[in-house]
Amino acid sequence: MDFQHRPGGKTGSGGVASWSESNRDRRERLRQLALETIDLQKDPYFMKNHLGSYECKLCLTLHNNEGSYLAHTQGKKHQANLARRAAKEAKDSPIQPAPAKPRVDIKKFVKIGRPGYRVTKQRDGETGQQSLLFQVDYPEVNDNVVPRHRFMSAYEQKVEPPDKKWQYLLFAAEPYETIAFKVPSREVDKSEGKFWTLWNRDSKQFFLQFSFKLEAKPKILAPGASHNMQALQPPPPPPPPSGSGSSG
């Protein structure tokens, strides 16, 4: 608070401020604080009457200017009335029910056992590529059900200790139990003609065939051989010595 620039005050001297001056300074600080936190355009309790003064509809008080109203909003009476109004509204308002979570219907059916199956090992006579043909029989499957399949790594299943040398091929169709086949963990060739499935609705049989990609075999060189070595040719024979003629 500035005690030096009041009427009759001397520079360097500080007298005791009167109650009215202290109150005016306090209200000014409250007004500045309210200006930073309150927007009068959005205040539901701020109203300007026909006389040009301002009213607080919550506390039913009159104010000569906006600054007086802003200082009032920071006072104990206004804050207490705000808390009382909030408590009353919370008590009167009905409890809103929590939004319903989307429900996912879980299919329930009685499993009737494992389906019959047949596995055929094959090898391409030209390329030597190995393949497997699976035939799974689902005679009691519903008409609108199509069997599904997927590959599972050894680390996804919990039945056997995981072994990176193997993977599993699963077949599922309701109401049969899901069956799995243990196959080598080699890369599957999914190019055209190498991987296909067929669901025969008439015979209720599901077919799946896939081929393993050919593994590149490292080239083994013969002992002592090298790509960049060339066979050494024997040196050419030396020219015959020149003979000297003698006369008799």
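## Salt bridges, strands and cores in a predicted model

The structure holds 6 salt bridges. A salt bridge here is a side-chain nitrogen of Lys or Arg within 4 Å of a carboxyl oxygen of Asp or Glu. This is a predicted model, in which local features need pLDDT of at least 70, side-chain atom pairs count only at pLDDT 80 or more, and totals for chains, interfaces and linings use all residues. Residues are numbered from 1 along each chain as its sequence is written, and side-chain values use heavy atoms, with hydrogens and water left out.

### Charged pairs

Side chains of opposite charge can pair when their charged atoms come close. The table lists some of these pairs.

| Salt bridge | N to O distance |
|---|---|
| Arg-150 and Glu-156 | 3.4 Å |
| Glu-160 and Lys-182 | 3.2 Å |
| Lys-213 and Glu-187 | 3.1 Å |

How covered are these residues? Buried means under 20% relative accessible area, exposed means over 50%, and partly exposed lies in between (1.4 Å probe, protein chains only). Arg-150 is partly exposed at 40%. Glu-156 is also partly exposed, at 42%.

Glu-160 and Lys-182 link distant parts of the chain, 22 residues apart. Glu-160 sits in the loop between β6 and β7, and Lys-182 in strand β8. Strands (E, at least two residues) are DSSP runs, numbered from the N terminus. Glu-160 is partly exposed, with a relative accessibility of 35%. Lys-182 is partly exposed too, at 43%.

Lys-213 is partly exposed at 33%, whereas Glu-187 is exposed at 52%.

### An open sheet

What is the order of the strands in the open sheet of 3 strands? The order is β6-β7-β8, and the pairing is antiparallel. Two strands pair if DSSP finds at least two bridges between them. The edge strands are β6 (148–153) and β8 (179–184), each pairing on one side only. From one strand to the next, the twist averages 25°. Such angles run from 0 to 180 degrees between N-to-C directions, and the axes are lines fitted to C-alpha atoms.

Strand β7 covers residues 166–172 and pairs with β8 over 6 bridges. Gln-167 stands opposite Val-183 in β8. The loop between β7 and β8 holds Pro-175. The peptide bond from Glu-174 to Pro-175 is cis, with omega near 5°.

### Around strand β5

Strand β5 (residues 130–137) is mostly covered, with 6 of its 8 residues buried. Strand β4 (residues 116–123) pairs with β5 in the antiparallel sense over 8 bridges. Arg-123 has Gln-130 in β5 as its bridge partner. The hairpin of β4 and β5 has 6 residues between the strands, and there Gly-128 takes a positive phi near 75°.

β5 also pairs with strand β11 (residues 205–212), again antiparallel, over 7 bridges. Gln-135 stands opposite Phe-207 in β11.

### Two nonpolar cores

In soluble globular proteins, nonpolar side chains tend to be buried together. A nonpolar core is a set of buried Ala, Val, Leu, Ile, Met, Phe, Trp, Tyr and Cys residues joined through side-chain atoms within 4.5 Å. The largest has 19 residues, and those touching the most other members are Phe-134, Tyr-138, Val-141, Phe-171, Leu-208 and Phe-210. β5, β7, β8 and β11 each supply at least two residues of this core. β11 gives the most, with 4 residues. Apart from this core lies another, of 9 residues, including Phe-46, Tyr-54, Leu-58 and Tyr-69.

Which residues does Tyr-138 touch, not counting those up to four places away in sequence? Among them are Pro-115, Pro-147, Phe-171, Trp-199, Lys-204 and Phe-206. Contact means heavy atoms within 4.5 Å.

Most residues other than glycine have a negative phi, and most peptide bonds are trans. Lys-204 has a positive phi of about 55° although it is not a glycine. Lys-204 lies in the loop between β10 (195–200) and β11. Leu-60 is another residue other than glycine with a positive phi, near 60°. Leu-60 is in the loop between β2 (54–56) and β3 (61–63).

Is each of these two residues buried or exposed? Lys-204 is buried, with a relative accessible area of 16%. Leu-60 is exposed, at 75%.
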